[in-house]
Amino acid sequence: MPCWRNWNAASPPVLLSVYFPNILEPFSLIPHSFWTMNHLTVDEAGFPNHQGPLDPQWLLVLVLDVRTDTACFMWGYELDPYVEPDLINKSIMKARIPLRESMLLQAAGAIMKNAVQLVARKARSKVRHPMRYGLMPPTPEDRKGGGA
């Protein structure tokens with residue numbers, strides 16, 4: 001049975017990234033993104049209090065291929081319970097106008113903001129009611145501050 005993650009841990013619970021593939025020959029975005037997700041190492045840039053590589057299993061990546069005007073999300077396996085693929089992909093559709101107009105920073109910011117809100121909404125429900133989702137709540141020893 002999966003275990004509920006202690007959100008008060010020292011490492012960040014969710015990492016966000018935007019990836020722009022720079023591949024000149026034709027390729028399929030989703031298989032390439034999946035392969036990349038399973039073979040990457042996340043440096044500690046942006047996380048000065050963290051030592052060593054970060055766990056990509058908690059990574060949410062927006063992949064934008066500007067040459068083919070395609071985009072998709074990839075996420076680490078630990079985020080599976082918190083991501084609804086249909087909902088999160090709608091956040092890409094909401095930013096299609098800035099994407100078409102090549103306003104990439106504005107589009108990426110809007111997409112990620114909406115995606116994070118969707119993941120957080122789903123996570124809140126699972127954190128409040130872990131048993132309802134087949135998750136085990138943390139033991140008193142695992143909770144911040146220890147247990148009685």
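Ser-102 lies in the loop that links α3 (96-100) to α4 (104-128); helices (H or I, at least four residues) and strands (E, at least two) are DSSP runs numbered from the N terminus. The model is predicted, and local features need pLDDT of at least 70, side-chain atom pairs count only at pLDDT 80 or more, and totals for chains, interfaces and linings use all residues. Residues are numbered from 1 along each chain as its sequence is written, and side-chain values use heavy atoms, with hydrogens and water left out.

Although Ser-102 is not a glycine, its phi is positive, at about 60 degrees. Most residues other than glycine have a negative phi. Ser-102 is exposed, with a relative accessible area of 59%; exposed denotes over 50%, buried under 20%, and partly exposed the range in between (1.4 Å probe, protein chains only).

A positive phi also occurs at Asp-69, about 55 degrees, and this residue is likewise not a glycine. Asp-69 is placed in the loop between β2 (59-65) and β3 (70-75). The hairpin of these two strands has 4 residues between them. Asp-69 counts as exposed because its relative accessibility is 65%.

Strand β2 is paired with two other strands, pairing being assigned if DSSP finds at least two bridges between them. With β1 (residues 15-19), β2 runs parallel and is joined by 5 bridges; Val-18 has Leu-62 of β2 as its bridge partner. With β3, the pairing is antiparallel and extends over 6 bridges, and Val-63 has Cys-72 of β3 as its bridge partner. From β2, Leu-59, Val-61, Val-63 and Asp-65 point one way, whereas Leu-60, Leu-62 and Leu-64 point the other way, and all are buried. Because 7 of the 7 residues of β2 are buried, the strand is largely enclosed by the rest of the structure.

Helices α2 (85-94) and α4 each supply at least two residues of the positive patch. Arg-124 is located in α4 and counts as partly exposed, at 44% relative accessibility.
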